[in-house]
Structure formats: structure tokens, C-alpha cells
Amino acid sequence: MTTADVAISTVAWPGFPPRLLTEERENLAAYRERGGYRLLGDAEELLAEVDASGLLGRGGAAFPLAVKLHTVRTNGRSGGSVVIANGEEGEPASAKDRWLLRNRPHLILDGLRLAATLVGADRAYVLVSEADSARSVESALSELGPRDVSIEVFSVPPGYVTGEETAAAQAINGGPAKPTDKPPRPFESGVGGLPTLVSNVETLANLAYIHGHGSEVFRSQGTTRSPGTFLATITGGGKPPVLYELPHGLPFTELLAQHNVSPNTLRGVLMGGYFAGLVNRRVLDTTLDHETIRGIGSGLGCGAISLITEECPVAVAASVSAYFDRENADQCGSCFNGTAAMAAAAGALRDGAATAEDVDRLRRWSVVLRGRGACATLDAACNVAATLLDQFPDEVATHLDGTCADCSRGAYRAERPFEVMGES
């Protein structure tokens, strides 16, 4: 299964029909033929189904959608609310949101109108940061015609922080697409000062699926605590990137086998995108669900998994750290200075110029800098540093000694490690 709209192959997991992936971009007629845009009926019944489904957000935090819906619904009873479909895919190693926006815009719009109705919103936005996604959604809206909910496509500059929920709300309010201090969070005061639901586009796609099939069918795949399927962007391993639809709970080794990567070649992974940091070979003993991945000190995040086979993990960590240094919002001193300091230490380690004292400082910074700033960028940089030092001590030691054979032949360097390129 492939698509020409994003430079990535798509594969449904063998043995069950895909829920979100399709072979071709669908139009309105095709989506209606699949049962899309059904009448909502009783909103309370659908809320109960979402509760029963256990649907977790697919943007990275895995927060229960039902809790968000109930909270915004309650907060907005007196004056109304707003919904944002977040398709600003700032994670370079992920392509799932772009793929959905370009190929299944009606599935997203269906979930968006359902969410808006459930929380009592008459205004909704689709947040994007690249032209093809915007054109795809605009085309779908033109097909759809008049709607009960006003839906607008809102474009922001691409960047790691521009899809953060407070940055999204601030941008729509006319400000810069940068995170703001919390509280308030958008569910308290967001667009126009109204309670605002910010939900990832894959999450909304699953909401539409639940509306069409029910919570029991939704939970027929996955685990008790991580129900359903998820879209996983797999990069690295010497293979072209692939977007899979996987059932939660799949053994990691089965994914490697399907992707045709030998476990013997695996040195580690970047799990869940850049945010959660690195995991060493113990990932081979895991299953791909939130509870298991949290149990090894990592996170499934947005479903982006980058396989480290040929690259030195220290060099990978240095490149990701440098990325965070460049991509911070340049508005919180702790993040601006902290990401720069950790990137410099990681780069010096990669280049064989670090001392044991530098490594000690990097370890200390990875602890004391957590929780500072308006968003989680600094936490992400801390995660990369901490996981490198904790899970790859032998590789760190070879760099302190200047004996890393990989980096002596030319260290891995990338401005956006394991990036999935898309056509524009």
C-alpha cells in the first residue's frame, strides 16, 4: 500500500483490515460510502462510548480523550467553546498526521465535527503548517459544503513548538505560535478566551471510527490500558521510512521482522519521536503499548520509532540535542540557555573533546532543568541527555577515551535526525 502524497510507504498490519490507512486519497463520496458523517444522534451516548473505548490521545501525551471532552463541555456550558484539530506535525521523525491530512481529510473533519458537537462548540480549526495538508483539507471542506460547525484551516510556521497546545491557541488569537505560561491551559481559556479542546488529528480520526463502529470493536485490538491501533512512523535501520498501522501490544521484535531489520543489528531506538530520548537493546523485550514502554522509562509518544543500527548513539543524541537548541522558542531563559549548554556538552562528547566533568554536568543538568519554561522542549532535551548517559554508558566511555570506531570514521550528523521528508 503506497501513496504519492507523502514520501513514505504505508502498511496495514497483516491479519486485520486497516482502520485509518487507505490505498488512495478518499473523496467525500468514498467516505460517505464507508459510513462517514453519520448523524450524531444522542451526544450522551457517544460520550459514553468514548469513555468505554479508553481512547488515548495520539499526539504524544496519551491523555484520555473522554476526560478532555467532559472538561471542555463542562467549562463551556455558560459561554461556548472552541475545538482545534492539531495537525502541526512538528516532530521530524513522524509523518502520520501529514498522511492523514493529505489522504483522509474527511475522516479528520468527521471527528472534528463530532468533537465540536460533544463539547458544544460552533467554531473549529484545523491547524497545519505545510501547504499540501492545507490544500487537502480546504478541498474536503469545499466538497462538504455548508456545515453546522464553522471550520477554518489555520496555517502556522513549521516548528517543534508551534503545535504545542498553548502555542496553537495563541496563534489563532493573533499572536506568535509560541507556548505561553500555564495556567491557564486551553481547556480553561484558549481561543478567544473560551474553553478550547486541542486534539491531535489521529485522535479525532479514531473518534470518528468509534462513532461508526462502537467502543467494543475499537477495543478488539490493543491492550486493556492501550486500546485500539496506532499509526507508527518507522525510520532508520538502513530502510526507507514506512507508516504502519499497528495494534497496541505488538511485540517489538515482530515489528522488526515485518520491517526486515535483524535484531542483531539493532543498537537502540529513538522511541516516540525525539521527546522520550533513547532506549538501548532492552527495547527488544518490549511490547508496543503505553504501559510497557513507560515501564522502561520511555514513551510511545506520537508513534515515531527511529531504529539506530549503523549510527553511534552518542552522535544521534548530540544531533537531537543540537536540534532542540535550534528549535527552542527563544523566550524562556532556562530553556534557551539549558538546551544550548546540553547541546554543547553532547557535541563535545561526540567529538571526543569532553571530559568526565562535562559528563557530570550534563547528567546534573538533565535533572535540575526539568519542568522549567513554558513548554516541554527543555524536558525533551533533558530526556535525551539522561537516557544517553543511563542506557549507553559503554558508548559514553569510548567517547571519553576517544576510541569510538564509528565516530573516528566520520560521526553521524543531521540537522533533523531520521526526518521523514514530504513533497511540498
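Colleague: How many residue pairs are in polar contact between domain 1 and domain 3?

Modeller: This is a predicted model, in which local features need pLDDT of at least 70 and side-chain atom pairs count only at pLDDT 80 or more, while totals for chains, interfaces and linings use all residues. Residues are numbered from 1 along each chain as its sequence is written, and side-chain values use heavy atoms, without hydrogens and water. A polar contact is a pair of N or O atoms within 3.5 Å; within protein, one must be able to donate a hydrogen and the other to accept it, and residues adjacent in sequence count only if both atoms are side-chain atoms. Between domain 1 and domain 3 there are five such residue pairs, both residues being at pLDDT 80 or more.

Colleague: What area is buried between domain 1 and domain 3?

Modeller: Buried area is the accessible area (1.4 Å probe) that two parts lose on being put together, summed over both. Here it is about 790 Å², and carbon and sulfur atoms give 58% of it.

Colleague: Where do the domain bounds fall?

Modeller: Such bounds come from an automatic or database domain assignment. The assignment gives domain 1 as 20–220, domain 2 as 223–308 and domain 3 as 313–401. The C-alpha centres of domain 1 and domain 3 lie 34 Å apart.

Colleague: In what order do the six strands of the open sheet stand?

Modeller: Strands (E, at least two residues) are DSSP runs, numbered from the N terminus, and two strands pair if DSSP finds at least two bridges between them. The order is β1-β7-β6-β12-β9-β10, with mixed pairing. β1 (9–12) and β10 (278–279) are at the edges with a single partner strand each, so one side of each has no neighbour in the sheet. β1 runs parallel to β7 (residues 242–247), joined by four bridges, and V11 stands opposite Y244 in β7.
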